[in-house]
Amino acid sequence: MGIKNYRYDYDIIPTSKMPGLNLTTNKHKGEEIGFYESMRYEPIKDLFVKASYEHAFRLPNNSEIFGDGGFIAPAPNLIPEEADNINFGVIFDSYEFYNFPWFKAEANIFYKNLKNMIKLQQGANRAGYINMGKVEVKGFELEVSVDLNENWYIYGNYTNQTLKDKQKY
């Protein structure tokens, strides 16, 4: 179990006097609290079942807020993404499995309910980041890792993910 505090405070101060630009200083600050809970259970040797829930935030990064000074405009009104994440999985993790020093196979399903997704949107002259609204993410992941010997291993991963815009207009 854990708790995370997200604080943000940014100012966008115009540095150019080009015609048509808004020369107002934009300030944005806030604080959000996220949390998570996870558990793992071993019903039989080397087989684990896991589950987790997380209420999380993703703060906008520097390039999303300030732009790039050319093709991407500043986005002073971006707010953090907010997500509720649910994950379920099964792991088989064994040493000395058949003739392999180590073998691990994992399968997971996940669901994310995302609000205020940050997205790059093309404008008339420049692109800029916006908050998109609600997005639903569903998917699964399969992963296998095998040590062939002490020097060589193989690894494979497959992820399938579906995103749907759930904003009601």
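1. Leaving aside neighbours within four places in sequence, N85 is in contact with S52, Y53, E54, A56, Y111 and K112, where contact means heavy atoms within 4.5 Å. N85 itself is found in strand 5, which covers residues 81-97. N85 counts as buried because its relative accessibility is 10%, the classes being buried under 20% relative accessible area, exposed over 50% and partly exposed in between, with a 1.4 Å probe and protein chains only.

2. On provenance, this is a predicted model, in which local features need pLDDT of at least 70 and side-chain atom pairs count only at pLDDT 80 or more, while totals for chains, interfaces and linings use all residues. Residues are numbered from 1 along each chain as its sequence is written, and side-chain values use heavy atoms, with hydrogens and water left out.

3. The chain contains 1 helix and 10 strands, and from the N terminus on the order of elements is β-β-β-α-β-β-β-β-β-β-β. Helices (H or I, at least four residues) and strands (E, at least two) are DSSP runs, numbered from the N terminus.

4. As to pairing, which requires that DSSP finds at least two bridges between two strands, strand 7 (residues 118-122) and strand 8 run antiparallel and are joined by 5 bridges. These two strands form a hairpin with 4 residues between them, and I118 stands opposite N131 in strand 8. Strand 8 (residues 127-131) also runs parallel to strand 4 (residues 72-73), to which 2 bridges join it, and there A127 is the bridge partner of I72.

5. The overall dimensions deserve attention, since the chain has a radius of gyration of 22 Å, whereas a compact globule of 169 residues would have one near 15 Å; the radius is taken over C-alpha atoms, and the globule rule is 2.2 Å times the number of residues to the power 0.38. Along its principal axes the C-alpha trace spans about 70 × 35 × 30 Å.

6. Buried residues make up 28% of the 169 residues in the chain. Of the contacts with a separation of 6 or more, 57% are between residues 24 or more positions apart. The chain exposes about 11900 Å², of which carbon and sulfur atoms supply 56%, the areas coming from the Shrake-Rupley method with a 1.4 Å probe.

7. Finally, the mean positions of the 19 positive and 22 negative charges of the chain are 10 Å apart. Lys and Arg count as positive and Asp and Glu as negative, with His and the chain ends not counted, and each charge is placed at NZ of Lys, CZ of Arg, CG of Asp or CD of Glu.
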